Amino acid sequence: MASHPETPATLPVVEAYTRWAKTYDTDENFLLRVDNELVAEVLSQLLSTSTKTVVDLGCGTGRNTAKLLGFASVDQVLGLDVTEGMLDVARTRPEVAEGMREGRLVLGVWDVMGSDPLPFGNEQPVVDALISTLVLEHLPSLDTFFHRVRQLLRPGPGTWVLVTNMHPVLGRKGGANFIDETNGGTRTWTAKYVWGTEDVLAAAARAGFAAMQGVGDKGSGVWVRTVRDEEHASRLGAGSGKWIGKEVLFGMALVTTE
Ligand SMILES: C[S@@+](CC[C@H](N)C(=O)[O-])C[C@H]1O[C@@H](n2cnc3c(N)ncnc32)[C@H](O)[C@@H]1O
């Protein structure tokens with residue numbers, strides 16, 4: 001096993017993800033696998049009917065952007081992220097490259113915490129739905145997030161948002177971190193914000209969203225995921241065993257109410 005310096009470093013989000021980008025997809029990170037399972041299941045429910053334009057906000061290396069492109073019901077995908085280096089890696093993903101060639105996918109640098117318009121000039125898109133996976137833990141304000149997301153979506157009721165986030169049970173113990181090979185293999189973190197389902201629901205409600213009924217655990221619009229058992233942990237990989245029976249991820253489907 002590699003040994004790493006004891007003192008962790010903390011970097012701002014863009015700097016951290018610029019350094020992490022190259023290894024993000026190949027690191028042992030069981031949470032990405034839990035998220036893969038949840039997002040694949042939920043998207044097949046939410047995208048069963050035509051959804052023309054979908055944003056992947058904080059799309060990173062395109063892990064879930066590629067899933068969106070796999071749905072024939074989706075005409076166009078817009079992948080947005082504050083870290084150019086993550087988008088550079090996304091462009092090397094075969095499904096992403098093909099989506100761009102076909103004109104079904106556009107990627108752009110954009111900060112949801114900022115005030116800039118979308119990076120698409122005068123052609124501001126009409127957005128029908130939005131996903132944002134494993135991004136909230138980096139955001140200091142859920143109100144800003146949902147306010148900006150509401151502005152991206154077409155006006156009126158019935159547009160939907162899917163967010164996933166590290167569950168507070170896991171978030172309080174850790175947070176996104178990686179081994180920075182450009183800095184002598186130092187374990188490196190970025191600022192983290194521990195948000196739970198109640199925080200997300202409350203901020204979403206203030207921006208005009210409600211939990212989607214009829215999907216999620218007990219039809220609540222919310223999914224909470226654990227590492228289920230030894231067999232599940234063996235599929236999820238290193239680090240997951242100690243989380244058996246504990247909450248590690250939640251997802252939430254929200255709809256605009258007006
Ligand atoms: C853990 S990664 C998740 C990437 C991808 N959504 C996934 O699920 O694999 C978090 C991503 O959020 C992006 N991010 C963080 N803060 C952001 C912000 N304020 N605006 C847009 N993207 C942001 C980071 O650059 C990074 O790519």
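Start at the cover of helix H8: among the elements over its buried residues are helix H6 (142-152), strand S6 (160-166), strand S9 (209-211) and strand S11 (247-256). Helices (H or I, at least four residues) and strands (E, at least two) are DSSP runs, numbered from the N terminus. Covering is judged by contact, meaning heavy atoms within 4.5 Å.

This is a predicted model, in which local features need pLDDT of at least 70 and side-chain atom pairs count only at pLDDT 80 or more, while totals for chains, interfaces and linings use all residues. Residues are numbered from 1 along each chain as its sequence is written, and side-chain values use heavy atoms, with hydrogens and water left out.

**Stop 1: helix H8**

Select residues 197-206. The buried residues here are Val 200, Ala 203 and Ala 204. They cover an arc of only 100° around the axis, so they sit on the same side of H8. That arc is taken from the directions from the helix axis to the C-beta atoms. An α-helix has 3.6 residues a turn, so residues three or four places apart point the same way. Now turn to the other side of H8: Glu 198 and Arg 206 are exposed there. Buried means under 20% relative accessible area, exposed over 50%, and partly exposed in between (1.4 Å probe, protein chains only). Then step to Gly 208, which follows H8 and has a positive phi, near 95°.

**Stop 2: Asp 35**

Select Asp 35, in helix H2 (residues 30-46). Asp 35 counts as buried because its relative accessibility is 0%. Show its contacts beyond four places in sequence: Arg 63, Asn 64, Thr 133, Leu 134, Thr 164 and Leu 249. The side chains of Asp 35 and Arg 63 are joined by a polar contact of 2.6 Å. A polar contact is a pair of N or O atoms within 3.5 Å; within protein, one must be able to donate a hydrogen and the other to accept it, and residues adjacent in sequence count only if both atoms are side-chain atoms.

**Stop 3**

From Arg 63, move to the ligand. An N or O atom in the Arg 63 side chain is 2.7 Å from a ligand oxygen atom. Taken alone, the ligand exposes 590 Å², and the protein buries 97% of that (Shrake-Rupley method, 1.4 Å probe). Which residues are closest to the ligand? They are Gly 58, Arg 63, Asp 81, Thr 83 and Thr 133, among 21 that surround it.

Technical notes:
Near = heavy atom within 4 Å.
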